[in-house]
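Hi,

Here is the structure I promised to pass on.

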Amino acid sequence: KGWCDTELSTNEQTRKEKTEAVETLHAEIDQLEASISKLTEEIGELTKAVADLDSAMAEATTIRQKEKAENEQTIKDAGEAQTAVAQALTVLKEFYAKAGEATALVQQQPEAPEIFDSPYKGM
């Protein structure tokens, strides 16, 4: 009888330890499943955020390419305008240089009348 009581006591103690270990493992499984669920949700949110960022980046790239083309056209137009202004200045300088040499509209100094040798005696 003593041996049976000892074995029953030992078995009961072993059962309690194993039951506690099973409960601890079940609690850990539940905690890990909750963690997996939370992390899966975060992955979904982050995937959406990455997709939004990719979309915004593609849109910004398109805008930058359009603005770059406009800037290049503006630079080209400005260069052509600068060349045209330089040519116009050359034409104007040549025109006014020739006009300065022209005598058609230049006023001539009036010639002084002849000076009389004798005083005026009337008519």
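**What turned up**

The chain has one helix and zero strands; both are DSSP runs numbered from the N terminus, with helices being H or I of at least four residues and strands E of at least two. Bear in mind that this is a predicted model, where local features need pLDDT of at least 70 and side-chain atom pairs count only at pLDDT 80 or more, while totals for chains, interfaces and linings use all residues. Residues are numbered from 1 along each chain as its sequence is written, and side-chain values use heavy atoms, with hydrogens and water left out.

On burial, 0% of the 123 residues in the chain are buried. Here buried means under 20% relative accessible area, exposed means over 50%, and partly exposed is in between (1.4 Å probe, protein chains only). The chain exposes about 12100 Å², and carbon and sulfur atoms supply 60% of that. Those areas come from the Shrake-Rupley method with a 1.4 Å probe; for residues, only the protein chains shown count as cover.

There is one salt bridge, meaning a side-chain nitrogen of Lys or Arg within 4 Å of a carboxyl oxygen of Asp or Glu. The partners are Asp52 and Lys48, whose closest N and O atoms are 3.2 Å apart. They sit four residues apart in helix α1 (residues 2-101), so about one helical turn separates them. Asp52 is partly exposed at 43% relative accessible area, whereas Lys48 is exposed at 54%.

Further along, Leu92, Phe95 and Tyr96 make a nonpolar surface patch with about 360 Å² of accessible area together. Such a patch takes residues with over 30% relative accessible area and no salt bridge, joining nonpolar side chains (Val, Leu, Ile, Met, Phe, Trp, Tyr) within 5 Å and like charges within 9 Å. Phe95 belongs to helix α1, and Tyr96 is exposed at 56%.

How many aromatic pairs does the whole structure hold? One. The ring centres of Phe95 and Tyr96 are 5.1 Å apart and their planes are at 80 degrees, so this pair is edge-to-face. Rings of Phe, Tyr and Trp (its six-membered ring) pair if their centres lie within 6.5 Å; planes under 30 degrees apart are stacked, over 60 edge-to-face, and the rest tilted.

Cheers
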